[in-house]
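Reader: Please present the aromatic contacts of this model, with the criteria behind each term.

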Amino acid sequence: MVTLIVATTSDPASINPAAALLAMPGWTAGPILPPDMKSFVNKQTRVIQHDGSIVKEDDLDSRWEEATGEAVDEVIFLSRHTAVSNRPALTVHPIGVLHLKEGESPPQGGKPGWAALTSPRIGPWLRLLKKMAEAHNLVPEFEITLEGTHHGPVTSKPTMFLEIGSTEEYWKRQDAAQVMALLMWEGLGLGGGEAVGNWSSETGKRKVLLGIGGGHYAPRHMDVVLKDDVWVGHLLSGYSLPMEEPKPGEKHIGGSWRQSIQAAFEATKASFPGGEIVAHLDHKSFKGWQKKAITEFLAEQNIYVGKPDYFT
């Protein structure tokens, strides 16, 4: 089983961390992935470079398996991050466009209603990234944060994005690229140490956070995830939970929010075999009618809702 790391030459925040990783010992040239994607090999890790859009180059995991005969265990994408605030940030997040209905066009890749399997490494790597960024004096200049589930590309294996933001000045920062490279080097055990974030339901710590509600940077969920031993599944920000307020006298709440929650739960459950998937709500982000509808739906689906101290 191999780990695929994907970078695009069209984005400095993608190719620079890949180049910094490839400058470390042990890499050799790998096969060309049709039509013309270079690859590099080190132990059970494969780096692929292409020159297209990082969010729109679909099915790289299955294409690699078909081309090489190697089974892919997980996919890690390297990318730039953009934000209205322009705040420097290093981010980690799952992917999918769960709230879009069939026929709608995803603006940043993926396919409507789809949620990728989530990489079990997201929580452990966020905590490791925070330590590394602090050790390399990137904090407090850079914010270290999760992001809500969003965008493509389509994959069928556990997936996460590692991003550097939020303007061209920071996308090109070599110190940020170096920290992302070290995160992958250490996190995948390429330096000889034990890999970080390998899921096993035998470890005893089996609770997996399914984040529901809040802003794009998931601040209430972050508070929980920064504690040791919390695993992270999908994170549904408010925009992934479209809810239409019922008219007076009506009970049905329209919108694709149920679809989002179901897709997020199913993908998270499949990503953590034997895990206990626990919904964590950002209560203050919802109006009363929204919170009532969501908690009732979660109860119908037998999805337990946990308070922050439940995860410790």
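**An aromatic cluster**

Author: Trp199, Trp231 and Phe272 are linked by ring pairs into a cluster. The model is predicted: local features need pLDDT of at least 70, side-chain atom pairs count only at pLDDT 80 or more, and totals for chains, interfaces and linings use all residues. Residues are numbered from 1 along each chain as its sequence is written, and side-chain values use heavy atoms, with hydrogens and water left out.

Reader: How many aromatic pairs does the structure hold?

Author: Rings of Phe, Tyr and Trp (its six-membered ring) pair if their centres lie within 6.5 Å; planes under 30 degrees apart count as stacked, over 60 as edge-to-face and the rest as tilted. By this criterion, the number of aromatic pairs in the structure is eight.

Reader: What is the geometry of the pair formed by Trp199 and Trp231?

Author: The centres of Trp199 and Trp231 lie 5.0 Å apart. With 90 degrees between the planes, the pair is edge-to-face.

Reader: Is Trp199 buried or exposed?

Author: Buried means under 20% relative accessible area, exposed over 50%, and partly exposed in between (1.4 Å probe, protein chains only). Trp199 has 17% relative accessibility, and therefore counts as buried.

Reader: Over which ring does the charged end of Arg80 sit?

Author: A charge sits over a ring if NZ of Lys or CZ of Arg is within 6 Å of the ring centre and within 35 degrees of the ring normal. The charged end of Arg80 is 4.2 Å from the centre of the ring it sits over, that of Trp171.
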